[in-house]
Amino acid sequence: MKLLIINPNTSTATNHRIETIAKSLMAPSDSLEVVSAKSGIEFIETIEQSNQTKSAVLEEVSQNSQSVDGIIIAAFSDPGLMEAKKLSSCPVIGIAEASMKIAQGLTERFAIITLGSQFSQIIRQNSLSYGIAEKLVEIKILPWSVAEVSANLLSYREDFTEACERLVSERDVGAVIVGGGPLSGIADVITDELPIPVLDGVRCAVDLTLRLWRERNIL
């Protein structure tokens with residue numbers, strides 16, 4: 001399989017985290033490319049910034065969809081996803097879309113932990129368009145910027161763990177999604193400390209894309 005992952009921000013650290021997770025799921029014969037969209041935004045923090053990346057994302061999709069087997073958009077606001085699906089000649093999946101679809105298959109109640117005070121609105125809107133809103137019981141926005149957490153991700157490990165524990169005890173959720181390309185990897189680090197699955201958006205998107213590709217090739 002040939003997979004393209006588009007990171008709508010320009011952070012090379014985020015690209016590395018995304019690549020590490022994706023490669024761990026792919027076969028040696030598979031091909032992976034992780035690219036930053038030419039957005040000029042290091043970290044997407046607002047809805048306006050997310051919207052600003054759409055044209056760059058769609059440009060990458062238009063230029064590459066005929067030469068790859070699948071495309072992932074690796075920002076939790078899924079910028080340009082619906083337009084990309086219509087434009088692309090191969091499957092396109094967003095990391096929020098994938099993680100929500102996997103979460104709904106695991107439990108009747110799930111929550112999302114992410115960063116960016118404005119993103120509750122767009123995540124909720126997207127959950128409605130994906131037909132998953134009734135199972136999404138809470139969107140927890142932690143009080144740091146994406147840049148702060150990305151600079152030293154593992155130092156926030158206990159904070160993310162405690163936030164998950166509170167969602168389990170107070171909201172009775174059966175799964176938690178840690179949302180955001182720059183947060184890739186934190187879910188894998190804390191999941192063994194919790195009694196429920198903690199889902200990583202990039203991991204979910206790669207899993208789902210590989211599954212779709214295998215199903216198409218078997219048929």
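Helix H6 spans residues 119-129. Helices here are DSSP runs of H or I with at least four residues, strands are runs of E with at least two, and both are numbered from the N terminus. In H6, Phe119, Ile122, Ile123, Asn126 and Ser127 are buried. Buried means under 20% relative accessible area, exposed means over 50%, and partly exposed lies in between, with a 1.4 Å probe and protein chains only. The buried residues of H6 pack against helix H2 (47-52), helix H5 (95-106), strand E5 (110-115) and strand E6 (136-142). Contact requires heavy atoms within 4.5 Å. Just after H6, Gly131 adopts a positive phi of about 75°.

The model is predicted: local features need pLDDT of at least 70, side-chain atom pairs count only at pLDDT 80 or more, and totals for chains, interfaces and linings use all residues. Residues are numbered from 1 along each chain as its sequence is written, and side-chain values use heavy atoms, with hydrogens and water left out.

Two strands pair if DSSP finds at least two bridges between them. Axes are lines fitted to C-alpha atoms, for helices over the stretch in contact, and angles run from 0 to 180 degrees between N-to-C directions.

Within this sheet, E5 and E7 run parallel and are joined by four bridges. Phe110 stands opposite Ala175 in E7. Ile113 has Val178 of E7 as its bridge partner. Strand E7 covers residues 175-178. Its residues Ala175 and Ile177 point one way, Val176 and Val178 point the other way, and all are buried. Three bridges link E7 to strand E8 (residues 198-200), again in parallel. Here Val178 is partnered by Asp200 in E8.

Thr107 sits in the loop between H5 and E5. With 14% relative accessibility, Thr107 counts as buried. The side chain of Thr107 reaches the backbone nitrogen of Arg109 at 3.2 Å. Thr107 also touches Lys135, Gly174 and Ala175, not counting residues up to four places away in sequence. Asp172 lies in the loop between helix H8 (157-171) and E7. Asp172 has a positive phi of about 55° although it is not a glycine. At 57% relative accessibility, Asp172 counts as exposed.

A further open sheet holds four strands in the order E2-E1-E3-E4, paired in parallel. Its edge strands are E2 (31-36) and E4 (92-94), and each pairs on one side only. The twist averages 20° from one strand to the next. Helix H1 (residues 12-25) packs on the sheet, touching E1 and E2. The direction of H1 makes about 160° with that of E2. Strand E1 (residues 2-7) and strand E3 (residues 70-73) run parallel, joined by four bridges. Leu4 has Ile71 of E3 as its bridge partner. H5 lies across E3 and E4 and runs at about 75° to E4.

The loop between E3 and helix H4 (81-87) contains Asp78. Asp78 shows a positive phi of about 50° although it is not a glycine. Asp78 is buried, with a relative accessible area of 5%.

How values were computed
A polar contact is a pair of N or O atoms within 3.5 Å; within protein, one must be able to donate a hydrogen and the other to accept it, and residues adjacent in sequence count only if both atoms are side-chain atoms.
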